[in-house]
Amino acid sequence: MPDIRMLAENVRLVSVQTSRFKTGRISVTAALPLNENAAANSLLIYLLKRSCKEYPEFTLLNGKLDELYGASVSAGVTKLGEAQVLSLSAVCLDDRFALTDESIFEQCALLLADMLFSPNCKNGSFGADKLATEKRLLIQRIEEELNDKRAYAFNKCIEYMCSDEAYGKDKYGTIEEIENVKMADVYAAWKNMLSTAIFQITVVGGCDADKIGDIFEKKFKKIQRNPVKPQTVFIQRGRHFNRYEESFPVNQGKLVMGFRAGMSKSRDNVHAIRVMNDIFGMGTYSKLFANVREKLSLAYYCWSRFIESKGLVLVEGGIDTDKEKKVSAEILSQLSDLRNGKTDPEVLESSKRSLKEKHTFTTPEGICSWYASQLLEDEIVTPEDTVKGIEAVTMEQVCEAAKKLSIDTIFMLKAEGEEGSGDEN
């Protein structure tokens with residue numbers, strides 16, 4: 001079990017002491033409601049990653065990282081349920097390999113704290129040129145996703161499926177929103193984040209985590225905190241079925257079927273749903289892979305994804321456009337078989353072994369991501385706890401979880417013209 005320490009109101013330190021790795025990781029994650037401020041928040045975190053007051057230029061910051069045995073700093077934006085999660089992370093050499101008594105971890109923690117609390121910002125401005133650059137880069141990220149038709153179809157299904165829910169919004173905001181962000185909006189986003197976000201500092205490695213906690217505790221004590229915890233709406237059943245389609249000049253159609261998983265809150269029946277989803281469409285032993293793709297050759301790929309932070313299961317398939325009805329009918333037929341227990345008992349054990357391997361993390365990044373993703377949970381769950389929960393799942397529970405799946409939305413990206421080959425992603 002990791003060590004947990006509260007540093008301020010809704011700010012906690014979660015640390016895993018380990019000497020398994022040559023490197024370690026510190027991640028600062030901040031959760032905010034996913035709303036109209038998404039674009040400004042996204043630009044903010046990438047601006048904070050560029051510099052700080054002590055190292056206002058990239059060359060100075062890079063020089064400091066070189067001094068820290070080649071440490072690196074990264075920023076990211078994700079969705080966790082209906083929260084937008086901003087992160088600043090540092091990867092560094094573990095302290096036991098340092099040539100002096102100086103803690104590399106503590107130096108990285110000080111650097112992250114400076115980026116967060118003392119950014120390179122003068123008179124409310126992060127620099128017009130820097131903001132323009134980050135706008136361009138962020139728009140480029142979104143356009144790259146738009147050009148990946150598989151990701152585009154997946155995100156489009158969620159957008160339609162959750163059009164009346166915050167989860168339907170893009171984690172970065174829209175291109176138009178990004179273009180319209182003013183410097184004052186970014187500065188306001190920074191002040192709002194420090195005041196209202198739910199924070200977690202996650203540390204994995206062989207360091208004195210209390211000293212890292214002390215660094216951030218001192219910083220947060222200077223901030224007037226009024227935390228707002230993002231709340232995610234869980235819709236247990238599809239309220240009405242809708243189908244949407246678009247056409248693109250691609251050779252391979254993309255079918256995405258969105259299901260509600262029957263969850264009423266976070267972690268509701270989560271172990272049974274994990275196993276059910278794995279048997280339905282994750283492993284090579286799964287119903288979708290073994291039947292839709294292999295036996296019937298109806299799809300170039302076909303698999304399912306469980307989004308537990310929102311209670312959704314989405315099935316994706318790369319198909320010939322004219323086979324959509326046949327493929328969707330077969331997917332529903334496979335789900336019906338799973339509901340009725342028409343599954344080889346050996347598949348249950350294969351699924352449990354596979355899921356156990358997926359929860360056996362072999363890098364500090366994997367461990368850090370596991371705990372960082374729990375920043376909105378009151379109770380921290382270890383990978384070992386999760387494996388025990390998975391191992392206890394019965395086939396009857398899998399069937400019941402499958403019965404709770406209800407279809408909500410279908411999105412079909414129809415192929416027109418020719419582009420790429422039949423096995424494109």
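Predicted model: local features only at pLDDT ≥ 70, side-chain atom pairs only at ≥ 80, totals over all residues.
Q: How do you know what span is expected for helix H3?
A: H3 covers residues 104-117, 14 residues in total. The expected span is 1.5 Å times one less than the number of residues. That gives 20 Å, and H3 reaches 20 Å from its first C-alpha to its last, close to expectation.

Q: Why is H3 called mostly covered?
A: Buried means under 20% relative accessible area. Twelve of the 14 residues in H3 are buried, so the helix is mostly covered. Among them are Ile-104, Phe-105, Leu-111, Asp-114 and Phe-117.

Q: What makes E7 and E9 edge strands?
A: The open sheet has five strands in the order E7-E11-E8-E10-E9, with mixed pairing. Strand E7 (242-248) and strand E9 (301-307) each pair on one side only. From one strand to the next, the twist averages 15°.

Q: How do you know that E8 and E11 pair?
A: Pairing needs at least two bridges. Seven bridges join E8 (residues 253-260) to E11 (residues 406-415), so the two strands pair. They run antiparallel. Leu-255 stands opposite Met-412 in E11.

Q: Which helix lies across E7, E8, E9, E10 and E11?
A: Helix H11 (residues 324-339) does, running at about 35° to E8.

Technical notes. Residues numbered from 1 in each chain as written. Heavy atoms only, no water. Helix = DSSP H or I, 4+ residues; strand = E, 2+ residues; numbered from the N terminus. Buried < 20%, exposed > 50% of the residue type's maximum accessible area, 1.4 Å probe, protein only. Axes fitted to C-alpha atoms, helices over the stretch in contact; angles between N-to-C directions. Contact = heavy atoms within 4.5 Å.
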